[in-house]
Amino acid sequence: MNSGFWSMGGYARYVWPCIAFACAVLAWNLWSARRFLAAARSRAGRAIAMADAEGKAR
Amino acid sequence: MWTWFYKLASPPYVYGVAAALMPWFLGVAALAIGYGLIGGLVFAPPDYQQGDAFRIIYVHVPNAWMSEFVYTTMAVAGAIALIWRIKVAHAVAAASAPIGASFTLAALFTGSMWGKPMWGTYWAWDPRLTSELILLFLYVGVMSLRSAFEDPARGDRAAALLSIVGVVNIPIIKFSVVWWNSLHQGATVAKLGKPSIAGSMLWPLLSMFVGFMLFYGAVLCLRLQGEVLSRERQSAWVREAVKS
């Protein structure tokens with residue numbers, strides 16, 4: 001890549017933060033959605049384990 | 001057709017479909033966004049007026065389009081949930097809200113960064129910018145309202161109502177540049193006639209749009225699975241789903 005590409009014709013300080021912010025938003029979406037699903041799985045797993053334990057106690 | 005529609009109301013069916021579709025959506029989204037970014041940042045020529053600053057379009061426009069598309073999806077899902085009492089539709093709306101809010105924030109940020117070199121200011125109380133900011137407030141309002149009730153069903157209904165009322169803002173955003181004097185440029189791509197953008201600039205932009213749509217699909221699939229699991233925790237099928 002030549003320096004002209006990185007300097008974006010003098011607009012680098014506007015273009016690159018936009019690209020970085022947009023990529024960060026995509027990454028956050030993916031990370032938070034995976035975390036949300038993992039937390040929901042974990043909560044459901046705990047609820048099932050508690051129900052099983054209660055069933056055995058009876 | 002109707003059988004398929006009714007199947008979509010079944011939480012285990014939706015959970016399975018979302019799990020199966022997610023990797024495909026994500027894979028094709030990565031390819032489309034990769035092509036769009038390389039095509040837009042490397043191969044597209046500079047704009048004759050804006051120079052290389054125009055390249056912000058490749059992240060600004062997809063985020064702005066998605067902010068409106070996701071809100072409309074959320075409002076339609078809310079309407080389906082209220083009319084047909086389909087719980088999965090509430091889950092779709094709840095899963096969409098944070099995704100749409102993040103796209104709106106990105107559209108505002110990138111628009112503001114584009115405004116500085118072109119208009120000489122990061123922000124102006126312009127009709128397009130203001131209506132997009134209202135969209136962000138609507139997303140935050142819908143998410144806050146949903147979590148403000150102890151009874152989740154009441155929260156879902158209130159959030160659905162607000163999202164349906166707020167959908168009036170979507171045509172306001174779209175036509176704000178036509179109805180009022182605006183600093184913001186008019187439609188470039190979505191014109192009924194010929195788009196006023198060269199093909200070498202247009203194709204990467206369309207690829208970004210397809211990529212963002214599929215990315216939304218992928219993230220929606222992940223969040224929807226989580227929503228369905230949380231809402232159906234007491235159901236027998238969840239036992240199998242959690243084990244797998």
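**Loops, a helix and an interface**

Student: Where is R85(B) found?
Tutor: Look at the helices. Helices (H or I, at least four residues) and strands (E, at least two) are DSSP runs, numbered from the N terminus. R85(B) sits in the loop between α3 and α4 of chain B.

Student: What kind of model is this?
Tutor: Residues are numbered from 1 along each chain as its sequence is written, while chains are lettered from A and ligands numbered from 1 in the order in which they are written. Local features need pLDDT of at least 70, side-chain atom pairs count only at pLDDT 80 or more, totals for chains, interfaces and linings use all residues, and the model is predicted.

Student: Is R85(B) buried or exposed?
Tutor: Count C-beta atoms, placed from the backbone: 20 or more others within 10 Å means buried, 12 or fewer exposed, in between partly exposed. R85(B) has 10 others within 10 Å, so R85(B) is exposed.

Student: What is phi of R85(B) near?
Tutor: R85(B) is a residue other than glycine. Its phi is still positive, near 55°.

Student: Is M8(A) buried or exposed?
Tutor: M8(A) lies in the loop between α1 (3-7) and α2 (12-57) of chain A. M8(A) is not a glycine, yet has a positive phi of about 50°. With 20 other C-beta atoms within 10 Å, M8(A) is buried.

Student: Which residues does L8(B) touch?
Tutor: L8(B) lies in the loop between α1 (2-7) and α2 (11-43) of chain B. L8(B) is partly exposed because it has 14 C-beta neighbours inside 10 Å. Contact needs C-beta atoms, placed from the backbone, within 7 Å. Leaving out residues up to four places away in sequence, L8(B) touches V14(B) and V88(B).

Student: What separates the C-alpha atoms of L8(B) and V88(B)?
Tutor: The two residues are 80 residues apart along the chain. Their C-alpha atoms are separated by 7.7 Å.

Student: Which residues does G111(B) touch?
Tutor: G111(B) is in helix α4 of chain B. G111(B) is buried because 22 other C-beta atoms lie within 10 Å. Leaving out residues up to four places away in sequence, G111(B) touches H60(B) and L129(B).

Student: Which helix gives the largest share of the side of chain B that touches chain A?
Tutor: 30 residues of chain B are in contact with 26 residues of chain A. On chain B, α3 (57-84), α4 (87-119), α8 (199-231) and α9 (236-243) each supply at least two residues of that side. The largest share, nine residues, comes from α4(B).

Key: Contact = placed C-beta atoms within 7 Å.
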